[in-house]
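Please open the model in your viewer, with the sequence panel beside it, and follow the selections below in order. Each stop names what to select and then says what is there.

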Amino acid sequence: MEHIARLFFGVSGNVIALFLFLSPVYGLPFVSPNNILVTTINGTGSLIEAIYVVIFLIFAERRIRLRMLGLLGVVTSIFAAVVLISLLALHGNGRKIFCGLAATVFSICMYASPLSIMRLVIKTKSVEFMPFLLSLSVFLCGTSWFIYGLLGRDPFIIIPNGCGSFLGLAQLILYAIYRNNKGAAAPAGKGEAAAEVEDAKKVAATVELADATTNKVASQV
């Protein structure tokens with residue numbers, strides 16, 4: 001059941017990543033003044049993520065596609081509700097806080113998406129499924145935007161990117177510890193550990209690509 005759960009959360013992360021559209025909304029002048037850079041970079045990243053989700057749905061297995069379409073419907077509904085409430089019911093600082101909280105929560109969720117891979121690295125003592133450049137980019141982007149948030153005294157940028165910087169650093173530490181072992185450490189035929197490694201091989205490409213697109217966008221909130 002564990003490997004099934006990991007697969008589900010890995011692919012569902014692709015659809016949930018559409019919540020990152022809340023980030024460019026937060027950066028709009030009538031929501032959060034002086035944060036136009038947040039809108040431009042996250043708007044571009046969200047568009048790329050949307051294209052990726054469409055491609056994923058086209059080529060995914062029918063069972064996974066139907067599940068993700070259902071999840072996409074939920075995500076779209078929540079996103080539309082957040083936008084409508086912020087535009088029609090809130091004004092000024094209230095609108096900024098509401099959009100900022102929503103963007104922060106889902107950005108942290110996106111940053112947390114590699115946790116299953118980090119757990120796999122610890123369990124197998126292998127960095128096969130955690131590319132160094134991806135971990136480095138998460139750390140550098142998270143740190144850069146964390147400093148940006150500090151300079152602007154914006155907690156809605158500081159908090160998620162602080163989490164991203166910390167998780168990126170944790171990935172780099174794991175990579176340093178297990179860098180000399182890039183093959184699966186669990187030998188075949190060793191029960192649950194071997195099954196988990198084998199399953200990870202099957203879904204690694206999906207999870208890694210999802211994490212790459214997700215973390216690069218999330219780190220720019």
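**A nonpolar patch on the surface**

Begin by selecting Leu47, Ile51, Val54, Ile55, Ile58 and Phe59, which form a nonpolar patch on the surface with about 630 Å² of accessible area together. A patch of this kind is made of residues with over 30% relative accessible area and no salt bridge, with nonpolar side chains (Val, Leu, Ile, Met, Phe, Trp, Tyr) joined within 5 Å, while like charges are joined within 9 Å. A salt bridge, in turn, is a side-chain nitrogen of Lys or Arg within 4 Å of a carboxyl oxygen of Asp or Glu, and accessible areas come from the Shrake-Rupley method with a 1.4 Å probe, where for residues only the protein chains shown count as cover. Phe59 belongs to helix H3 (residues 36-59) and is exposed, with a relative accessible area of 70%; the classes used throughout are buried for under 20% relative accessible area, exposed for over 50%, and partly exposed in between (1.4 Å probe, protein chains only).

This is a predicted model, in which local features need pLDDT of at least 70 and side-chain atom pairs count only at pLDDT 80 or more, whereas totals for chains, interfaces and linings use all residues. Residues are numbered from 1 along each chain as its sequence is written, and side-chain values use heavy atoms, with hydrogens and water left out.

**The whole chain**

Now colour the chain by secondary structure, which comes to nine helices and zero strands; helices (H or I, at least four residues) and strands (E, at least two) are DSSP runs, numbered from the N terminus. Of the 221 residues of the chain, 45% count as buried.

Select residues 62-88 for helix H4, whose 27 residues reach 38 Å from the first C-alpha to the last, close to the 39 Å expected at 1.5 Å a residue. The expected span is 1.5 Å times one less than the number of residues in the helix. Within H4, the buried residues are Ile64, Met68, Val75, Val82, Val83 and Ser86.

Move on to residues 92-111, helix H5, where 20 residues reach 28 Å between the first and last C-alpha, close to the expected 28 Å. Buried residues of H5 include Arg95, Cys99, Thr104, Phe106, Met110 and Tyr111.

**Aromatic pairs**

How many aromatic pairs does a search of the whole structure find? The search finds three, where rings of Phe, Tyr and Trp (its six-membered ring) pair if their centres lie within 6.5 Å, and planes under 30 degrees apart count as stacked, over 60 as edge-to-face and the rest as tilted. Select Phe132 and Tyr175 for one of them, a tilted pair at 5.1 Å centre to centre with 50° between the planes. Phe132 lies in helix H7 (residues 132-152) and Tyr175 in helix H8 (residues 155-178), so this pair ties together parts that are 43 residues apart in sequence. Phe132 counts as partly exposed at 34% relative accessibility, whereas Tyr175 counts as buried at 13%.

Next, select Trp145 and Tyr148, whose ring centres are 4.9 Å apart and whose planes stand at 65°, so the pair is edge-to-face. Both residues lie in helix H7, three residues apart, about one turn of the helix. Trp145 is buried, with a relative accessible area of 14%, while Tyr148 is partly exposed at 25%.

Thr124 lies in helix H6 (residues 115-124) and is buried, with a relative accessible area of 4%. Its side chain reaches the backbone oxygen of Leu120 at 2.8 Å, and the C-alpha atoms of Thr124 and Tyr178, 54 residues apart along the chain, are separated by 9.6 Å.

Select Lys125 in the loop between H6 and H7, where phi is near 55°, a positive value in a residue other than glycine. Most residues other than glycine have a negative phi. Lys125 is partly exposed, at 46% relative accessibility. Arg153, in the loop between H7 and H8, also has a positive phi, near 50°, and is exposed, with a relative accessible area of 75%.

Finish at Asn34, in the loop between helix H2 (22-26) and H3, which is exposed at 76% relative accessible area. The C-alpha atoms of Asn34 and Gly152 are separated by 8.9 Å, although these residues are 118 apart along the chain.

Definitions and conventions: A polar contact is a pair of N or O atoms within 3.5 Å; within protein, one must be able to donate a hydrogen and the other to accept it, and residues adjacent in sequence count only if both atoms are side-chain atoms.
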